[in-house]
Amino acid sequence: MAVPASFEEKDFLSCCGSTTFAKHMVTASPFSSLEHAISVARDVWFNTVDVNGWLQAFSAHPQIGQQHAPSHASQTSAQWSKGEQSTALATATGSSLQELSEWNVRYWEKFGFVFLICASGRSTDEILAELKRRYTNRPIVEFEIAAEEQMKITELRLAKLFSSKESIPSTTDKDSTMFAKKAEDRISIIGGHVTAASESPVGKSIQAPARTRPPITTHVLDTSRGGPAAGIDVLLEVWRDAQSRPEFGASDNGGWVFQGSSKTDSDGRSGQLMSIVDNVTPGIYRISFNTGKYNPRGFFPYVSIVFEIQESQKREHFHVPLLLSPFSFSTYRGS
């Protein structure tokens, strides 16, 4: 039986430079497995760490193409950053590094934080192309993407952290090689971001970790103010008419059934809109925002977003961010 892994705050700071994240991870430890730690880490990062914590974590990373980490980054974090950028540095030329440096400056001037990407296995050309593509994003959109990339990096580093704590049963070369291969495979799996919806190998089943948050969540950002939108009433409903589907322009005839309601907090995140279940019921859902109450002088009295969860997606998490301005809104599927 595996012994639960216990770590110190500095270990988690090497994985993610947010002190809030590190403190909550220490409180939640020890962890029974890497999967358990990652499940808790995602919940802490997306539901507990605030905007300032995200920025603190971003600031612990060097710019892509640079080998020197910020002075406040730990030695372990600096070593991991160097390793994560090894492919990019190995494929770089003098001209591509110069172009990457120039675009890093442009990105910082527009967004106010370092360009963040899970660089493991990516060439300089790939990273540069992604930087240019993301540069066209609006700041609030890019902020959420950067947070997702930070989580990918954190998962990779948690895998390295757990591998370093593994006990080696024998000091023979054969055993050492097997252990190194095991650690390498674990990191590769996390790096690929295998989701619960991925197919399992024939004859085998993978036990996904239990959820630590509801399968449907949301986050509202006010682009006109450049920050989270607090105090917005949020309503979640599901379509329960088995004989029909909601159609554009047609009356719903009472087909929508209440699931839950909440109000966004100071970070723009809603409270719990439904029960925490491992398998969300497939179907058509509608999430509505009382934008008229939030901004009586705005263009939208309310905003509703309708989406469908398929049978193959019942173990996924659905995050529906809303980017709101007085005369427009947009949304995209989060993780």
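Tutor: Two strands pair if DSSP finds at least two bridges between them. Strands (E, at least two residues) and helices (H or I, at least four residues) are DSSP runs, numbered from the N terminus. This is a predicted model, in which local features need pLDDT of at least 70, side-chain atom pairs count only at pLDDT 80 or more, and totals for chains, interfaces and linings use all residues. Residues are numbered from 1 along each chain as its sequence is written, and side-chain values use heavy atoms, with hydrogens and water left out.

The sheet is open and has 4 strands in the order E4-E3-E5-E6, with antiparallel pairing. Its edge strands, E4 (256–263) and E6 (303–309), each pair on one side only. Strand E5 (residues 283–289) is joined to E6 by 7 bridges, and the two run antiparallel. Within E6, Val306 is the residue that Arg286 stands opposite.

As for the cores, a nonpolar core is a set of buried Ala, Val, Leu, Ile, Met, Phe, Trp, Tyr and Cys residues joined through side-chain atoms within 4.5 Å; buried means under 20% relative accessible area (1.4 Å probe, protein chains only). The largest such core has 47 residues, and Phe12, Phe21, Trp45 and Phe58 have the most contacts inside it. Helix H9 (139–165) is one of the helices that supply at least two residues of this core; its share, 10 residues, is the largest. A second, separate core of 23 residues includes Val238, Leu273, Tyr285 and Ile309.

Terms used: Buried < 20%, exposed > 50% of the residue type's maximum accessible area, 1.4 Å probe, protein only.
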